[in-house]
Amino acid sequence: MLLPLAAALGAAGIALVVFARARKDPRDLLPMAWRWPLVLAAALLAGAGSIGTPEWWNAALTALLAAFGVVLGAVDLRTKLLPNALLGWWAATAAPLLVIAAAASGSWGGLIGALAGSAVLFSVYFLLALISPAGMGMGDVKLAAVLGLFGGWAGSAAWLGTLLGGFLLGGVAGIAVLVLRRASRGSTFPFGPGMLLAAFASFVLLG
């Protein structure tokens, strides 16, 4: 149980730092009252997601995915924004960790899969954004590039789950907005939380 505990603690620390960076944004992305609930959520997700994972590098990736995912999901849910600064920082953190994971495991094919998964998922979302710019924002496109790294590393099943699950949960979120907020069909809704949840579930359950 040491590895899940380490993942939980690591995710909590990362979430604290990510939350602090989000708070520096002048657009007031998150209220301070959300800090500890989000940190706790990241820790619980990372700990639970690392149970049964013998590889420390996958536990570290799970912690990173949980921490950034929880905070970014909260930002998108509240503001319908996925800030470039946070997405760029996530990618810059995930990339070297994946290189370390590939070196530690000897799975250089996994690293190639991560890069390919990122490029293809980005392309799919970018195409959808061109076709329907009102329904898909560029923040979602950039988020897809980051999530593709994790899905591609975990394998084809996890990558496919990230892709299809994102659309499924995003659609559910849209229906929920229409029902609960009595919004019109032209209303926009945050697509990011569904993408993030699908990516985390796919990485943990299908990887």
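Trainee: Why is S156 called exposed?

Mentor: In this predicted model, S156 has a relative accessible area of 63%. Exposed requires over 50%, so S156 qualifies as exposed. The residue is found in helix 7, which has the lowest confidence in the chain, at a mean pLDDT of 81.

Trainee: What makes F68 and W89 an edge-to-face pair?

Mentor: By the ring-pair rule the count comes to 8 aromatic pairs. For F68 and W89, the centres are 5.3 Å apart and the planes 70 degrees apart. F68 lies in helix 3 and W89 in helix 4, so the pair ties together parts that are 21 residues apart in sequence.

Trainee: Why is F68 called buried, but W89 partly exposed?

Mentor: F68 has a relative accessible area of 1%, and buried means under 20%. W89, at 22%, falls between the 20% and 50% limits, so W89 is partly exposed.

Trainee: How do you know that Y125 and F167 are stacked?

Mentor: Their planes are 20 degrees apart, with 5.2 Å from centre to centre. Stacked needs planes under 30 degrees apart, so the term applies to Y125 and F167.

Trainee: What makes helix 3 largely enclosed by the rest of the structure?

Mentor: Of its 24 residues, 19 are buried, so helix 3 is described in that way.

How values were computed. Residues are numbered from 1 along each chain as its sequence is written. This is a predicted model: local features need pLDDT of at least 70, side-chain atom pairs count only at pLDDT 80 or more; totals for chains, interfaces and linings use all residues. Side-chain values use heavy atoms; hydrogens and water are left out. Buried means under 20% relative accessible area, exposed over 50%, partly exposed in between (1.4 Å probe, protein chains only). Helices (H or I, at least four residues) and strands (E, at least two) are DSSP runs, numbered from the N terminus. pLDDT is the predictor's confidence in each residue, from 0 to 100. Rings of Phe, Tyr and Trp (its six-membered ring) pair if their centres lie within 6.5 Å; planes under 30 degrees apart count as stacked, over 60 as edge-to-face and the rest as tilted.
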